[in-house]
Amino acid sequence: MTRATIDGNEAAASVAYRLNEVCCIYPITPSSTMAELADQWASSGRANVWGTVPTVVEMQSEGGAAGALHGALQGGALSTSFTSSQGLLLMIPNMYKIAGELTVAVLHVAARALATQGLSIFGDHSDVMAVRQTGFALLASASVQEAHDLALVAQAATLATRVPFVHFFDGFRTSHELNTIEMLSDDDLRALVPEDLVRAHRGRALSPERPFIRGTAQNPDVFFQARETVNPFYARVPGIVEDAMAQLGERTGRRMHIVDYSGHPEAERVIVAMGSGGETVRETVAWLTARGERVGVLQVRLYRPFPAHALVEAMPASVRRIAVLDRTKEPGSFGEPLFLDVLAALVEACEDDDERVMPKVSGGRYGLSSKEFTPGMVAGVFDELARERPRRRFTVGIVDDVSGTSLDYEAALDIEPSDTVRAVFFGLGADGTVGANKNTIKILGAEEDLHAQAYFVYDSKKSGSQTVSHLRFGPRRIQAPYLVQHASFVGCHKFSLLEQVDVLGRAAKGATLLLNCRHPADQVWDALPRVVQEQIVAKSINVYAIDADRIARDVGLAGRTNIVLQTCFFAISGVLPRELAIARIKEAITKTYGRRGTEVVEKNQAAVDRALAGMHRIEVPERVSSTRELLPLVPAGAPHFVRTVTAEMMAGRGDSLPVSALPVDGTYPTGTAAYEKRNISELVAVWDADQCIQCGNCSFVCPHSVIRSKHYDPAQLQDAPEGFRSAGLTAPGLPDSRYTLQVYVEDCTGCGLCVEACPVSAPGEPVHKAINLGPREPLLALERENVTFFETLPRSDRSRVDFGTVRGTQFLEPLFEFSGACTGCGETPYVKLLSQLFGDRLMVANATGCSSIYGGNLPTTPWTTDADGRGPAWSNSLFEDNAEFGLGFRLAADGHTALARRRVEELRDVLGADLVDAILDAPQLRESELHAQRDRVAELTRRLERLDGAPAVDDLLSVVEHLVRRSVWIVGGDGWAYDIGAGGLDHVLASGRNVNVLVLDTEVYSNTGGQASKSTPLGAVAKFASAGKTTQKKDIALQAIAYGNVYVARVAMGADPQQTLSAFREAEAYDGPSLVLAYSHCIAHGIDMRNGLDQQYRAVASGYWPLIRFDPLLRAAGGNPFLLDSPRPRISLADYTRRELRYRSLENTDPAEAERLHALAEQAVAQRWEVYENMATQAAHRFPPDARKDH
Amino acid sequence: MNLTTDYLGLALRNPLVASASPLSQTVDGVRRLADAGVGAVVLYSLFEEQVRREAEQNSRLVDAGADSYPEALSYFPDVAEEEPGPRRYLSLLERAVAAVDVPVIASLNGITAGGWVDYARAMEAAGAAALELNVYYLPGDAHVSGRDVEQRYVDVLARVKNTVTVPVAVKLSPYFSSTAEMALRLDESGADGLVLFNRFLQPDIDAETLAVDSSVTLSTPAESRLPRTWIALLSGRVRASLAATTGVESSADVVKYLLVGADVVMTASALLRHGPGYASVLLDGLSDWMRRKEYASVADMRGKLAVPVGTDESAHERGSYVSALQRANSAAYGPW
């Protein structure tokens, strides 16, 4: 039997891939890995058990994947798909069809929460419960091993029953948990999947050789009866699944049932659960029964068709109290689905059997959105059942102080065997901690007699993010699907984390702490904050320290401390003999990095050798000596919500927030990112006032809005702190004004884009610019003061700012700031620009993706308000519907504007004709005009408020704000615009309505890790296109231009910021649909992000990304509406592409193909340039007209 | 007209060889060179250092952002981690060999003992007709002795010769205290050919931007005097083939190199300046000259102006120098 330490996604995909001929895929967290693996295996030519390489096809959405799946199944191919959450919802229509036609199929689902009051990528059963009515069978895996085994059982059962299956397991908890499992061989797979059944499936396929019709429209006469024909097929499912499980058990020794009971044979209290939570219950039950408790657990594996008989049979007759746990919520229902099913089954059983005693059954909810579910909670549920009158409905794992549903429990309950080693590691995403731990787990999992488990917790930021790794290993299979609570080893890979999170909270008594710190050994103790010292003393913790950063730097792996710290872990923890451990680490290094070249391997091995010598044990005194307290996470002056709720989430204590602390409808205050001073970069931007020419470029391109400019009267400097820098304003018109460019150093991510954008070099010092990167630490105190003072300086009057130049826009306040986007993000400068130009009247519909995550992921969000309290109103509906969602904003605004204008007209006499006419006739294009209109509307409001509350007056007051023109922007990435939302986007552009669309085009699905979209360029490598993309990028600019009434622009800030600015302003001013396609460099391009702007320049200079504007107003005026804004290609395409790993990597894997695709890409660039040049020289009448009335 | 020649034991249809340059970075480029008539193609040089640097850079880029954010634990498919360099080069070599009917010579610049050997072996396996060792080594360390530098060349050659069976040429530098002795040492150490010379791409500086300008300048005919002098001296004194490179602009330059004893004449600059098709212009010019001078074959003209074996080479060189000085002193300069 082959052992492997893999995650649940790989466990399931390994079987699914080997047992299918077609995989229709689409990325969605947390299932994407399954699709990615299938794609990779197919492109490397790996065959299924029948010797053919499955066809893997990426579709434009899960709806598309389901359609293709349905078709492939009708064509007789064994076909599958992998999905989660909203993706599964999009498959529902096809699922009814597939099931209705009794089609053999398995969908593998990493179960995930559905978006309701907020989106969640984490695991629960909301999605799979939403398909329980489709006719698909539902089979639940509770562990990584089961995800492997039941993937086979599902395939065997669907073939034998013709009922399609959803095979699911818990998103993240199982899909992303690494665990040591026993792998099924191809022979195992073949044994359970008889070829005659495969051939029978093929035999049912559509074929012109033996034609029939399937998918008829049926009438009242027969539809009902036809619907009932399938009953016998469903009736057979439980038995056949049971048989397949038995067969699997015989071959592997792993025995399972569709419903499994374990616990006391005469249990009185039983919990019924499904999924990974069932494992936790089972382990806790074993612990409790060993202590004399009469408790048990029923683990449900087959949920649909519901195995009522098996469930009742499995339940000991002695049971008097039952809690049925659901990992989903159905507001307004009588109870959650598993609970209702169990209840109904028991009621019927008791009705049919007078002997049977009906137990009391309670329904509980747990674990929504990967909320922890621990042995303590299980014990809490049993305690509740032991009460005289257990609650009929409850929740466990939260504090519900609103409806009182939550149970109390003992959080610290520890049931794990003492020979299980438990370790937690705190690190940063960038430092390789997770990667090293994955290696550790694979090393240990490969040792005979050792089992390993790892689970990783990441935060919601894409830059400077924290990671916590939870590792277990021991002599038995590890069945503990919850975070480590009592760690014997704690690694803190970044010293400053001690001040931000409770690193030692999970440390057991007598644990070992390994600290990465630059302090010499004799100074480490004194450097610790008081609370940390207290925990060390109280828990008798052994402390070791090492300066891993220095060692990593010395061996040429600056910033990558992982191998150094991993070596220390092995040396201290003693899980393997030291020599063996070192040998294993080195082997793992060769395996992991071997393909990346000998240099990489050698450096990592050097790090191992250096680590042991650099580690020191720290003497721990008996008493706490530090007086250093942790700094408050948010300032005392922050709003109440931020102090009491946001700050708790920031501190990692969000789990303790009670229900009453949270908004009831998902409405949160904006502007909270400003309170989270993350200090993630050691290097920050530093302004050189003497060199600066005040061009505004740095501020324009800053992805994190940390570079702000103001000009002001010199008198304002009277109260300036010492060290506050300023220079004479160079802009004409205000000769005596001072200018300050302030860097918000605590928010700066050190990306360096500002330095790259700076056009100035100091005389005699070519590398010194007017803005440079310098160490943060020495500047921190001073710049904190400076920022505070800077914020007291008056903002420029928007109506006097020159909106038309980059230089002018630096004085516009960004209303999007300090987002958690990647360091040097290519999208956020555009988003920030939107907020600067139109922020106080901006409504943003944001497609799901990177921009919805850095724009709207709790705890803190970057959209904010100006001094008047106005700012962008932002919402995210879904991934697929964003254009439509934004159009809805427009329709509501237009309707209310029309209503307001009508009411104003009606009230003309009482409001004053002058004011009314001024309001109704006001032009609202320039900022000064908008400003004047705001004043008029304020005056109007004052007058309305003085009037008695006539219905028309109140009505007008409720919509009066719509008299100021709103700016509706529909924002999303290329995955949305080119793929899943393309149909909607097309329709909205065709609507003729005044909406503006901003496509942040990274040319891949960035948020889910770089899968190809239809925007991915020819020849680039991406996930789902690992052999290189072989189709051209879709030209949606030309598609939109074809309508004639759509304003279209293609921009690249790094190539021509002025053109970007013009395009944004023209798009917004245009009274009709606008489409702006913005080149957004991305971490998924495989570039040093600091070179992002340079790559934008090269994309344009090579002709790959021609800058264009298409303005229908020009055509209306008789001119050529198509402007080609960039000059003819002046560098080779290779000079752009060779600098990006996405292109380069194909040269390594398939050089001939890379050469072929590159040549085609060159041709494509030339051809497109020719088309554009032609368009740019055509007469107006050669373009389609704007056919709308009054335009 | 018989243009055939022998280089490294390979029978070439003519003595014009395209030397390592960007023109040979694609199969199409190699094909165009062959179509233009060159006798052999030396592929662009594989730099071990560059391969290693690129591998490291790719590794860093793959790691950037990985394992940080739960929805995107990586940003590239596994294939992006493949070690770059050799594979790309070897694939080009393989395809180039299949695409043209003239010998394709691989060029290698290693930095480690392992690198020289491994890459040389792989190049042979990929079908290289011969190897050219591009020992581009600039001893920046003032404490390295001249003998050590020389030994480095000999060691590299010995290592590669022990590894492969195809012929091996060494492209060497002119900057030895005794260039001829160095050439003899390499000859004795088994070099099948000597390529004279490697041009060190000495960077310039920009006084305006205060930056280093590392751009490459193409060679000019004036630079051909140095290699020509040494070829004239070595001709007939070494067993190894002699390849002349640097400063070929017209067919006259090709003729001159052959007259002093070169077995082949290599050019990159002329082809880069005028395009691969220019090879045929050079060859036509060579044929025309031979017709005019009534040489029936390249063998007949080769070495006609080499320093005859048996002369006192030092006296010959000194004599040339003195006469050059005399001419320089008596030349007319100005008016200024």
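Colleague: How are the residues and chains labelled?
Modeller: Residues are numbered from 1 along each chain as its sequence is written, and chains are lettered from A in the order in which they are written. Because the model is predicted, local features need pLDDT of at least 70 and side-chain atom pairs count only at pLDDT 80 or more, while totals for chains, interfaces and linings use all residues.

Colleague: How many residues of chain A are in contact with chain B?
Modeller: There are 40 residues of chain A in contact with 38 residues of chain B; contact requires C-beta atoms, placed from the backbone, within 7 Å.

Colleague: Which element of chain A gives the most to that side?
Modeller: It is α41(A), with six residues. Helices are DSSP runs of H or I with at least four residues, strands are runs of E with at least two, and both are numbered from the N terminus.

Colleague: Turning to chain B, where is Leu196(B)?
Modeller: Leu196(B) lies in strand β8 (residues 193–196) of chain B.

Colleague: Is Leu196(B) buried or exposed?
Modeller: Leu196(B) counts as buried, because it has 27 C-beta neighbours inside 10 Å. A residue is buried if 20 or more other C-beta atoms, placed from the backbone, lie within 10 Å of its own, exposed if 12 or fewer, and partly exposed in between.

Colleague: Which residues is Leu196(B) in contact with, leaving aside neighbours within four places in sequence?
Modeller: Among them are Leu172(B), Pro227(B), Trp230(B) and Ile231(B).

Colleague: What separates the C-alpha atoms of Leu196(B) and Val265(B)?
Modeller: They are separated by 9.8 Å, although the two residues are 69 residues apart along the chain.

Methods. Contact = placed C-beta atoms within 7 Å.
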